Amino acid sequence: MCRATLQNSNFYRLLLRIDQGLAEQTRAQRCRCGGVLHSARYPRKPRGIPREALPDCDFRYSFCCAGCRRRTTPVSVRFLGRRVYVAAIMVTVCASRASAGTAAAMRQLDSLDVPVSTIARWRRWWRTEFMTTPLWLLGRSDFMPPVEPDLLPASLLERFVTTLQHSPLMGLLRWLTPLTSGSAASNLREVR
Ligand SMILES: [Zn+2]
């Protein structure tokens, strides 16, 4: 379904530009202590993206305070937590499964080589952890008629089709950004 998008390096370039803007906002706001933030990026090795897009996704913006040394990691449209796959792949693969896509669409997504166990874990996250987040608990009332929880994230993705965003996927990735920055510790390691 969004596979063409996932293989388009311009898409990742655009995501990087958005993250750049989000990082600049974070830096301008300074540390909670008022200290100046210095760049302290996390290297990333995301899987599943086209080779030419790797330079646009091989780091996550993060800052370290010059005063108290505390980490501040901006929200991101590229990375949803510590997962080694970019958020776009996680959302697209789960949306396709949830909406019972065609066999052809499934085979195309299969070419991304995401392990079945990883997909199962992602889908569980949508049904459990995601539903306990303030973003969902408070944000779901913005959608009328209500988003069908059993069909997440496909049911959310389709709500962004009519917006003026670059693509439905881009719209959803922006909407999800409040979930993308945990504590500094949770961003230190990558997990599958
Ligand atoms: Zn500080």
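Predicted model: local features only at pLDDT ≥ 70, side-chain atom pairs only at ≥ 80, totals over all residues.
View A. Cysteine 31 is buried, with a relative accessible area of 4%. (Buried means under 20% relative accessible area, exposed over 50%, partly exposed in between; 1.4 Å probe, protein chains only.)

**View B. The zinc site.** Cys31 (SG), Cys33 (SG), Cys65 (SG) and Cys68 (SG) are the protein donors, lying 2.3 Å from the zinc ion. Donors are N, O and S atoms within 2.8 Å of the metal (3.2 Å for Na, K and Ca); water is not among the atoms, so sites may look incomplete. The site is tetrahedral, with angles of 104 to 117 degrees among the four donor atoms. (Four donors count as tetrahedral if all angles lie between 85 and 135 degrees.) Along the chain, the donor spacing reads C-x1-C-x31-C-x2-C.

**View C. The largest nonpolar core.** This core has 46 residues; Tyr12, Ile89, Trp126, Phe130, Leu156, Leu173 and Trp175 touch the most other members. A nonpolar core joins buried Ala, Val, Leu, Ile, Met, Phe, Trp, Tyr and Cys residues through side-chain atoms within 4.5 Å. The largest share, eight residues, comes from α4. Helices (H or I, at least four residues) and strands (E, at least two) are DSSP runs, numbered from the N terminus.

View D. Another core lies apart from the largest one. Its eight residues include Ala23, Phe59, Tyr61 and Phe63.

**Notes.** Residues are numbered from 1 along each chain as its sequence is written; side-chain values use heavy atoms, without hydrogens and water. Local features need pLDDT of at least 70, side-chain atom pairs count only at pLDDT 80 or more, and totals for chains, interfaces and linings use all residues.

Methods:
Tetrahedral: all angles 85-135°; square planar, octahedral: opposite > 155°, others 65-115°.
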